[in-house]
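Morning, everyone. One structure today, and I will keep it short.

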Amino acid sequence: MARIKPQALLQQSKRKKGPSRISAASIIFYALILVLVGFFLLATYRHWSNRSRLQSENNLSVSEEVENSFGDSKKSELPGYAVLNTSKGSIIVELYKESAPEAVDEFIDLCQKGHFKGMLFQRVIKHYVIQAGDGQGTGAAGWNLRGKQPASMKHEAFMLGTSKGKHTNKGFDLFITTAPIPDLNEKLIVFGQVVKGEDVVQEIEEVDTDEHYTPKITIGILDVTLKQKV
C-alpha cells in the first residue's frame, strides 16, 4: 500500500474543516431584498388602512345625507297652511314650520284630533289681540298693556301664536294679534301669520266685550282645515 504524505493529509484536513465564506456582495444583496420586502409590506398596510378609512367616511356621509333628506322630506310633507273656519268667516294662516317646528307639530296634531273644533274666542282686546281657548292657558288680560312704543315692537299685526310653557291638551290657546305688540317674543310662541282673512280678524276684534274682555256674543272656531297649499 502506498503511503500518504503528511503534507497531503494536512491539506485534506484543512479543506474538510475550513468554513465556507459568504461574500460581502451577497450580504448586501440579501439586505436590499429584506428592505424592499419591508417597504412593500408597509406600503400595502398604508393602502388598505387609508382605503378602509375612506370607505368609513363615505358610508358616514351617505348616512347623513339620507337622514337629512328624510328629515327634509318629512318637513315638506307637513301642511303649510291652516284654515280657521269661524262663525264670522275663514282665516287662513301660514304655518312657520322652519322657525317654530315644535309648536307647529303640536298644533297640527291637535287639529287632527279635533281639539279646536267648537273653541270659543274668550278674550278680545281691541288694537291688541284676540284669544281663542278654554281659559286654561295664559290669558291675554294678564299681559302688560302699557308701553306700546313703536321702537320696542318685534312683530306685526295678524301673527298667530300660543302661550309659552308646557301645554296640556286643554292649554293650547290660540292668539292672533291685531296690532304690533311690544316684547311679543316674551309672551308668545309665534308659529304662524294670517295671510288671508284679516277682515275677519278685525270683525271679531270689533265685537262688544265686558270688563274682562269677554265677548258679549258667542264667537267660536267651527273647525280647522289643514292644507299643503292655498
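What percentage of the 230 residues of the protein chain count as buried? The figure is 32%, with buried meaning under 20% relative accessible area for a 1.4 Å probe, protein chains only.

First, the ground rules. This is a predicted model: local features need pLDDT of at least 70, side-chain atom pairs count only at pLDDT 80 or more, and totals for chains, interfaces and linings use all residues. Residues are numbered from 1 along each chain as its sequence is written, and side-chain values use heavy atoms, with hydrogens and water left out.

Now the fold. The protein chain has four helices and eight strands; these are DSSP runs, H or I of at least four residues for helices, E of at least two for strands, numbered from the N terminus. Along the sequence the pattern reads α-α-β-β-α-β-β-β-β-β-α-β.

On to the core. A nonpolar core is a set of buried Ala, Val, Leu, Ile, Met, Phe, Trp, Tyr and Cys residues joined through side-chain atoms within 4.5 Å. The largest has 33 residues. Ile91, Phe107, Phe116, Leu174 and Phe191 have the most contacts inside it. Helix H3, residues 101-112, gives the most to this core: six residues.

Take Phe107. Contact means heavy atoms within 4.5 Å. Leaving aside neighbours within four places in sequence, Phe107 is in contact with Ala82, Leu84, Leu95, Phe116, Phe172, Leu174, Phe191, Val224 and Leu226.

In soluble globular proteins, nonpolar side chains tend to be buried together.

Notes: Buried means under 20% relative accessible area, exposed over 50%, partly exposed in between (1.4 Å probe, protein chains only).
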